[in-house]
Amino acid sequence: MPSTALSWNDFLAQTIAEFGCTTGTLHRLDPADKHLKLVAHQGIPEALMPIIQSIPVGKGIAGTAAERREPVEMCNLQTDTSGVAKPGAKQTQVQGTLAVPVLDGQRLCGTLGIGKLTPYDFTAEEKEKLLKTASGIASRLLPS
């Protein structure tokens, strides 16, 4: 399984393709400051890179998935008014989004997020599959 930046990008690209998505992010939890640090990304506008490099647990879509330790989904990020997504997230042009925690048992290791350019409701099966994909890399995501 991946451990380098290049192979994490390959893993993310495969995952995005498997779900028929166009964008994605993989973050690793930094226990020192409780921030999610960007490991791999695809389809994210350059203007958002400084914002998504380090995300506090509890903030934004990825941070909320990490805090709740459960999937966070939006059918249409562009029209969402829940307050979970940060205003800058709309710059991605993504509509249907799904972020899941990367868990090793109960230990939070990071988050995995995917997105589509059309409104989309992910099925329970898709959420479970992404959670399973995420847990499959959990032990390798954190430095030993």
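In the hairpin of strands β1 and β2, four residues lie between the strands, and K34 takes a positive phi near 60°. This is a predicted model. Its strands pair in the antiparallel sense, including β1 with β6 and β5 with β6. A search of the whole structure finds five salt bridges.

**Strand β1 and its neighbours**

- Strand β1 covers residues 23-30, and six of its eight residues are buried, so the strand is largely enclosed by the rest of the structure.
- Seven bridges join β1 to β2, which spans residues 35-42, and the two run antiparallel.
- β1 also pairs with β6, residues 107-116, in the antiparallel sense over six bridges.
- R28 illustrates both pairings: K37 is its bridge partner in β2, and G110 stands opposite R28 in β6.

**Strand β5 and its neighbours**

- Strand β5, residues 96-104, is mostly covered, with eight of its nine residues buried.
- Nine bridges pair β5 with β6 in the antiparallel sense.
- D104 has R107 as its bridge partner in β6.
- The hairpin of β5 and β6 has two residues between the strands, and here G105 takes a positive phi near 70°.
- Strand β4, residues 72-74, pairs with β5 in the antiparallel sense over three bridges.
- E73 stands opposite L98 in β5.

- E18 forms a salt bridge with K129, and the closest N and O atoms are 3.1 Å apart.
- E18 lies in helix α1 (residues 5-18) and K129 in helix α4 (residues 124-141), so this pair ties together parts that are 111 residues apart in sequence.
- E18 counts as partly exposed at 47% relative accessibility, and K129 counts as partly exposed at 39%.
- E73 forms a salt bridge with K127, with the closest N and O atoms 2.9 Å apart.
- E73 belongs to strand β4 and K127 to helix α4, so the pair ties together parts that are 54 residues apart in sequence.
- E73 is partly exposed, with a relative accessible area of 26%; K127 counts as partly exposed at 25% relative accessibility.

**The salt bridges of K37**

- K37, the bridge partner of R28 in β2, also forms a salt bridge with D33, the closest N and O atoms being 3.1 Å apart.
- D33 counts as partly exposed at 34% relative accessibility, and K37 counts as partly exposed at 26%.
- D30, D33 and K37 are linked in a network of salt bridges.
- Side chains of opposite charge can pair when their charged atoms come close.

Key
Residues numbered from 1 in each chain as written. Predicted model: local features only at pLDDT ≥ 70, side-chain atom pairs only at ≥ 80, totals over all residues. Heavy atoms only, no water. Buried < 20%, exposed > 50% of the residue type's maximum accessible area, 1.4 Å probe, protein only. Pairing = 2+ DSSP bridges. Salt bridge = Lys/Arg side-chain N within 4 Å of Asp/Glu carboxyl O.
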